[in-house]
Amino acid sequence: MTMPYGSRLAAMMTRRIGRECVYTPSARLALYLALRRWCRPGARVLMSPVNDDVILFVVLAAGLRPVQAPVSQWDGNIDPAAVPESTWRNVDAVLTTNLYGMPDRVAELRRRCDELGIPLIEDAAHAIGTHVDGRPIGTFGTAAAFSLSKHVAAMAGGFLAVDDARTRRELELLRDDLLTPRRLRADLATTLRPLARSAVRSLHLARPVWRTMQRLRLLERDDFRMALHAPRLAGSACHAPSLAAYEPWVRVDLHGFRTRHGALVRGQLELRMALLDGDLARRRAGVALLSGTPWATPALRERAGDGPPPLFRVPLLVHHRDALLERLVNHGVVAGYVYDPPLDDYAGAEFVEPSPDPSAARWFAAHTLPADPLLARRITHALTKERAATAHPLLPTTPVFDTAATPPTPLGQ
């Protein structure tokens, strides 16, 4: 009997989180599978506007209407209490973000979804290893999408976690229909790309390599967001749900997002996944260092007091963020994953339903510097040398990670 594609990797993830897992070439394909499986075309999906634009296009490709939620100014995730009751009554699903690994308020979101009888889809791409009340992120929702490309320098691979084997088998068939054929050249590139990135870091070549790519226009984004191409995007809606129609947007930064991986890539990912616990431990150490700096959010300091979470990026709050990002390159630090402006400002009412209160999202998106915890000492030194000024939220609200927990007291406000 032929084993399902990627079954060994899926089994490794199943052992880690205790749910049935489907292996996918990317988290964005895993998320598309979940949205197609649990949402009918035209359904309205509540999501945070502080999110990767690729995720917006995945939602559109699934034939859905993105509804932008009010967010917490402390972490950019959905603030369930700020969502109007009229909005709750008119959404068909909720999509979390777990931005940078900071957990969504999943207990409250799970409760509201259960009351409404709608699915909770967890985007856990940034959150492997993040826990809430002793449970791993990815075990609260109807389904959860994970990314290996965000961890252990894998730069490929994802999972969709679900509750039962029957659903897993259904999703494996849907996945197989969406995969494009394996290409040896693509497999070699996927295998070598992480090695090249590691070499750039170890040889301290981040600055010259990044500047060269900028000058030669080798980057797919001229700014934090990709070009929208609104007329062409509007035309694609006629074909939704369709990955092919939205592929020019969904594939940005990861052209092989639905290319079938061969044994070479899967074998490397198995080796890298075996290193995941060590990666998470190093991230915790970096988060512990960064949470003690003046730029850390009060919520992060409070959470780090119970043991630092293994964040994918640490959201530091700074003034003049864009100028700082440019100067950090001179220190050998290239900071990505900036989600500014929020998706409703970026895409407009033609493509999303705007948030009823966009102020917190705008403030957080404009002042957040995502710091790689694996480079914590270098980043701390660079920000100190640049005399980076700490930004303080303007809204007098209290940071909360989960409504079931006691709200932490803001520090230094």
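Helix α2 passes helix α3 in a right-handed crossing, where right-handed means that the near helix is turned clockwise from the far one by less than a right angle, and left-handed means anticlockwise. This is a predicted model, in which local features need pLDDT of at least 70 and side-chain atom pairs count only at pLDDT 80 or more, while totals for chains, interfaces and linings use all residues. Residues are numbered from 1 along each chain as its sequence is written, and side-chain values use heavy atoms, with hydrogens and water left out. The protein has 17 helices and 11 strands, taken as DSSP runs numbered from the N terminus (helices H or I, at least four residues; strands E, at least two).

**Overall**

- Of the 413 residues, 56% count as buried (under 20% relative accessible area, with exposed over 50% and partly exposed in between, for a 1.4 Å probe and protein chains only).
- Contact means heavy atoms within 4.5 Å; among contacts between residues at least 6 apart in sequence, 73% join residues at least 24 apart.

**Helix α2 with helix α3**

- The axes of α2 and α3 (residues 53–61) are 9 Å apart, and the packing angle is about 35 degrees. Axes are lines fitted to C-alpha atoms, for helices over the stretch in contact, and angles run from 0 to 180 degrees between N-to-C directions.
- From α2, the contact uses Arg28, Leu31, Tyr32 and Leu35; from α3, Val54, Ile55, Val58, Val59 and Ala61.
- By class, this contact of α2 with α3 has eight nonpolar, no polar and one charged residues. Nonpolar covers Ala, Val, Leu, Ile, Met, Phe, Trp, Tyr, Cys and Pro, charged covers Asp, Glu, Lys and Arg, and the others, Gly among them, are polar.

**Helix α1 with helix α11**

- Helix α1 (residues 7–17) and helix α11 (residues 263–273) have axes that come within 10 Å and cross at roughly 20 degrees. That makes α1 roughly parallel to α11 (angles under 35 degrees; over 145 is roughly antiparallel, 65 to 115 roughly perpendicular and the rest oblique).
- The crossing of α1 and α11 is left-handed.
- Arg8, Leu9, Met12 and Met13 of α1 meet Arg266, Leu269, Glu270 and Met273 of α11. The contact of α1 with α11 has five nonpolar, no polar and three charged residues.

**Helix α12 with helix α17**

- The axes of α12 (residues 276–290) and α17 (residues 376–385) come within 9 Å, crossing at roughly 20 degrees, which makes α12 roughly parallel to α17.
- α12 and α17 cross in a right-handed sense.
- Gly286, Leu289 and Leu290 in α12 meet Ala376, Arg377 and Thr380 in α17; by class, the contact of α12 with α17 has three nonpolar, two polar and one charged residues.

**Aromatic pairs**

- The structure holds seven aromatic pairs, counted when rings of Phe, Tyr and Trp (its six-membered ring) have centres within 6.5 Å; planes under 30 degrees apart are stacked, over 60 edge-to-face and the rest tilted.
- Phe312 and Tyr337 form an edge-to-face pair, because their ring centres are 4.8 Å apart and their planes lie at 80 degrees.
- Phe312 is in the loop between α13 (298–304) and β10 (314–317) and Tyr337 in the loop between α14 (321–329) and α15 (343–347), so the pair ties together parts 25 residues apart in sequence.
- Phe312 counts as buried at 2% relative accessibility, whereas Tyr337 is partly exposed at 28%.
- Phe57, Tyr246, Trp249 and Tyr346 are linked by ring pairs into a cluster.

**Ser26**

- Ser26 sits in the loop between β1 (20–24) and α2 (27–38) and counts as buried, at 1% relative accessibility.
- Not counting residues up to four places away in sequence, Ser26 touches Gly157, Gly158, Leu254 and Phe257.
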